[in-house]
Every structure is written in structure tokens, then in C-alpha cells.
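Dear colleague,

I am passing on the structure below, together with some notes on its aromatic residues and its surface. Please read them with the model open beside you.

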Amino acid sequence: MKKNKNLVGIIQAIFSAILFGLMPLFTKVIFGFGANFASAAFYRTSLPLILVLVLSILEDRSIRINLKELFYLIIASIFFVATSLTLYRSYNFISSGVATTIHFAYPIIIFIINTIITKSSPNKIDAFCLLMVTVGLILIIDFKTGHIDMRGIILAAISAFTYSFYSIFLERSYLRNLNSLRILFYINLISTFLIVIFIIFSGNELVLTFSPFQWVFLFIYSVVITVGATLLYQKSLRIIGATYTSILSCLEPVTSVVVGVAILSELIFLKQFIAIIMIISSTIIIVKNQIKKYKID
């Protein structure tokens, strides 16, 4: 039973990464509609709210929470919003490729923090896979495209830390006892409220002028990222933990490269091909190691 449960967690992490890999393409399209970074973050959290609410009620028959749960949900939402705003904003100063690479320092941060928390020695296989993934991420991005602005680097680095804290918080806090859909609904609801406050006080504009087709695209974007990628990520966190989920999530930039080649006719270079092999190999090693571990246990 435990083995099957962990396999489910691994599969959820992989599919989450694949769906998240579509986000840079979606975001690029939304920016092309005239939306700014704050608007993109707002629509990501607000548009799927009713759908998530309905799904939560159908699955759990209740969305009630107490004050303690609300307190933890607000903390998680702050980390979540900070990640979205800083990462999206970093795209205005550096290329999305460089920003993504910096953001994907979060598996390393999670690995280090969890090792400190558990006071355990790092697993050699996990450490090796993490090293391969790190090298792969560096190789997969062309740092020569676009100028390097320190503001973008700092924002992307902040997004890596806030997403690490968000992931670890969901794994280890009291929220672990709540239904995943209920968590998703309240984090999106609170995040939407926080983003509105940010827009008001930062002077950013909430873009509302979209065509019917663009509104449909925005809704599909929000559902795929929220009900698909984010929900699967949260479910995986609860089963296999933040460290393994984050490492498996490094399939996300691989997906972005594949989508770029297949849909946008982008070129793929030898170093990127090697990077993809390294990341996929690391993923396979982690999966096989997990299967072997729970067969023995």
C-alpha cells in the first residue's frame, strides 16, 4: 500500500512538472494580450475559484476552516503570492530562461533546509541526482540571450526562496491535515485578495480589456496551472515530501524546451540535449530508488 501510494505521488509530481512547463508559453501569450505581471498573477488565482470551490464541496462536502487553519493558510498564501509576483516581475528585467534557472534553485534550498530540519546525513543517490539536475538546469538555458539586470536576478532568487518556504510549509505544517482541494481553494482566495491589495498600493494596473477569445484563454490558463499543476504539486508534497517533489519538478524546464521546439520551432543545441538527458536520467534514478526502497520496506 505504501509503495503504491508513493508511486502515485511520483506520478503526480511528474504530471505537475509537465503542466507547469507550459506556464512560460502561456504567460508569454498573456503578456502579448497586454496584461502585466500583476494581472497575470491575479487571473491565475481568481478565475478558477468557483471551479475549485465546486470540486472541493463535491469531494469533501465542506469548506469550513477554523481560525488556526486560516492563520496557516494566510502564511502559505503570502509565500505563494510572493513567488508569483517576483518571478513574473523578473521577466521584465531578464530573460524568462535565466529567471527560470535561478528560480529552480528551490530544489537545492529545500534539500538543504529539510536536511537541517531532520538532522540527517544527505542520501548519496539523492545528492548525486540533485547535482546532475543543477548542472542540467545551467546547461539548458542560454545565458547569452538578453541583458543581465541585477533587479531581475534578485527577484528570481527571491522567488526560489519563497517557493521553497511555501513547499516546506505545506509539507510540515498543520495544513498537512487538510483536504488538498480545500487548501487550494483558500490559498487561491486569499492570494487573490493579497494580489488586489498589492495592485492598489503598488500603482500597477489590473488589465480588463480582453477579447472573448482572450478571456477563454485566460480561463484555460488558470485551470491548467491551478487545478492541474498546483493541485498535483500539493498532493505530491503530502505523499513523497518537498525534496523529491521539487527534484522531479525539474522536468518543468525540459517540458518548456520541448514545447518551444515543437510549437515555436525553436532550435535545440547540443548542450540543451545533454541537459535534458541529465535531468530525465536523474528523474528515472529517483523513481527507481523510491520503488526499490519501498519494495524492501
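In what follows, buried means under 20% relative accessible area, exposed means over 50%, and partly exposed covers what lies in between (1.4 Å probe, protein chains only). Please bear in mind that this is a predicted model, in which local features need pLDDT of at least 70 and side-chain atom pairs count only at pLDDT 80 or more, while totals for chains, interfaces and linings use all residues. Residues are numbered from 1 along each chain as its sequence is written, and side-chain values use heavy atoms, with hydrogens and water left out.

By these terms F198 is partly exposed, at a relative accessible area of 29%, whereas F37 is buried, at 6%. Their ring centres lie 6.1 Å apart with the planes at 70°, so the two form an edge-to-face pair (centres within 6.5 Å; planes under 30 degrees apart are stacked, over 60 edge-to-face, the rest tilted, for rings of Phe, Tyr and Trp, the last by its six-membered ring). The pair joins distant parts of the chain, 161 residues apart, with F37 in helix α3 (residues 37-46) and F198 in helix α10 (residues 180-202); helices are DSSP runs of H or I with at least four residues, numbered from the N terminus.

The structure holds 19 aromatic pairs, and one aromatic cluster is formed by F71, Y72, F79, F161, F165, F169 and Y174. Over the ring of Y174 sits the charged end of K68, 4.2 Å from the ring centre (NZ of Lys or CZ of Arg within 6 Å of the centre and within 35 degrees of the ring normal).

Terms used:
Helices (H or I, at least four residues) and strands (E, at least two) are DSSP runs, numbered from the N terminus.
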